[in-house]
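User: I would like to learn how to read the contact between two chains in a model such as this one. Could you take me through it step by step?

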Protein chains: 2
Amino acid sequence: MTVQHETFISKYKDILEKELSASIHKLNAPQALKGAMLYSLTAGGKRIRPILLFAAIDAYEKNPEKGLSTACALEMIHTYSLIHDDLPCMDDDDLRRGKPTNHKIFGEALAILAGDGLLTYSFQLIAEDEHLDHHQKIWLMKMLSTCAGPEGMVGGQVADIQAENQELHLKELEYIHNHKTGRLLTYSIIAGAKIAGATEDELDLFEKFSRHLGLAFQISDDILDVIGDEKITGKRIGSDIEKKKSTYPSLLSLEGAKEHLAHHIHEAKETLSKTNLKTDLLQYLTDVVAGRDR
Amino acid sequence: MTVQHETFISKYKDILEKELSASIHKLNAPQALKGAMLYSLTAGGKRIRPILLFAAIDAYEKNPEKGLSTACALEMIHTYSLIHDDLPCMDDDDLRRGKPTNHKIFGEALAILAGDGLLTYSFQLIAEDEHLDHHQKIWLMKMLSTCAGPEGMVGGQVADIQAENQELHLKELEYIHNHKTGRLLTYSIIAGAKIAGATEDELDLFEKFSRHLGLAFQISDDILDVIGDEKITGKRIGSDIEKKKSTYPSLLSLEGAKEHLAHHIHEAKETLSKTNLKTDLLQYLTDVVAGRDR
């Protein structure tokens, strides 16, 4: 099945990337702003969040393109968060995926405004989408603001900054991950399901699935920082230890972290199978997200 | 009528400010983030945008409180834009309304995130509002993202940065003002009208009214920078000249700017009277916004 799944992923990655560019080009806005927004939007990446959204629609055997605007909105929110995170007063990163970060090219002022623009525009994309009904649009915008805002990603980012140079307990570490990256991953899945017409019970199952998926993603990331191959991961090994960051291996030992990872992957897949939907693609993506392919 | 209007303004300013605080307190988010958001939200100001929104509802003799969430959303967007504008890489302001700016108290990272949080939360407030119907909510969120995003305020802010140290033509100056401050003022009015059940024709008239109002506001601001009383305006006189900023007086002469101001106030009021609604409060606010009371 792998070839079929990889075909799906590359097909919808392509559709998404074309739509992202088109969304920016059609904006009636200063060229400098559009250039800065487009630069980071087209800087590559696995597009894992949009792919999860499309895959959740595919589980209902509906046309994934119905979720195209929402997928673009999601990727814009993710991209804005990277631009703001990379700023000198935050993580102060000069490079992302081997390319200069937004503020290195456009300056800090424009980088902040490009982020603000992407965040704001994401709601416009959903509000203007003609393929969604009123109920879906409101649900999608409400959940997007909850998952991306103070009760979601922005809250997690603040908790992460406050945790710098502190020894964390497992609960605190999970709070940060559940908010900083988890809530937007959850949104990817439940937004796709909602667009496909999910019931409340199915949304609950997908939310549970994505909670396990999000933690698996983070634990795997932490493990790879200890044992990964720099050539494959594209990241420098041992950077968490250097920064004295609390990680799953540092709190649970490497073996404990691996057990934790296996547990969350197992739970994620078990939860998926309870939906009685066509979830083979999501099962496959669970392994991808949990780093089994890295 | 002035006493009655002033009573309306102070009553709804009070209602708004209580609701703004309550909206932040009820958030399930890190205290540090809530503190930084609340600090700037409660730092004072005339609350002119929310008051215009309430006044537009009042023109239909409906209960202004129906617009309370949208008014809070609007003030949050305005506040986030001030926080980001004040950052060292933008205007680098240490004080706003006599108080230290957000980043002087909380640091740049938290200031940026407080802005991001306010921007994102504003959509949540509208999406969760139980007093609005589906059609209104979608319209309000779509217009908010358009007026505040790349095609609105964020676009105007970029154009303003690019115009620094450049001699502008009147058209370029109007582009900046129409976007940087004008679009959100327009939103204040048309959002209120929409909530009250405005027809398309009425919305068109209100949009025309608010375009004149927004320009009157900006021209008046520029004139006061030349001839105002620092004790009354709370701003240092002559700062535009020091910064070599293009202004209406610098492009049109002081007399020309005054004529321009009178023209826009006249047009604004003429347009209002064409609505055949109870617009005495909006007429009064036109004088307030255009600086006739300063």
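User: How many salt bridges are counted between chain B and chain A?

Analyst: In this predicted model, the count of salt bridges between chain B and chain A is zero, whereas eight residue pairs, both members at pLDDT 80 or more, are in polar contact between these chains.

User: Which helices of chain B supply the side that touches chain A?

Analyst: At least two residues each come from helix 2 (31-41), helix 4 (68-85), helix 6 (108-127), helix 7 (134-148) and helix 8 (153-162) of chain B, and helix 6 of chain B gives the largest share, 13 residues. By residue class, the side of chain B that touches chain A divides into 27 nonpolar, 13 polar and seven charged residues.

User: What area is buried between chain B and chain A?

Analyst: The size of an interface is often given as the accessible area lost when the parts come together. Here the area buried between chain B and chain A is about 4,000 Å², with carbon and sulfur atoms giving 75% of it. On the chain B side, Thr120(B), Ile138(B) and Pro150(B) lose the most area to chain A, and together they make up 15% of what that side buries.

User: How are the two copies related?

Analyst: Chain B is superposed on chain A by a rotation of 180° with 0.0 Å of shift along its axis, at an RMSD of 0.0 Å, and the two copies are therefore related as by a two-fold rotation axis. The same surface serves both copies, since 100% of the contact residues of chain B recur in chain A; in number, 47 residues of chain B are in contact with 47 residues of chain A.

Conventions. Residues numbered from 1 in each chain as written. Chains lettered and ligands numbered in written order. Predicted model: local features only at pLDDT ≥ 70, side-chain atom pairs only at ≥ 80, totals over all residues. Heavy atoms only, no water. Least-squares fit on C-alpha atoms with pLDDT ≥ 70 in both. Contact = heavy atoms within 4.5 Å. Buried area = accessible area lost by both parts, 1.4 Å probe. Salt bridge = Lys/Arg side-chain N within 4 Å of Asp/Glu carboxyl O. Polar contact = N/O pair within 3.5 Å; in protein donor to acceptor, adjacent residues only side chain to side chain. Helix = DSSP H or I, 4+ residues; strand = E, 2+ residues; numbered from the N terminus. Nonpolar A, V, L, I, M, F, W, Y, C, P; charged D, E, K, R; others polar.
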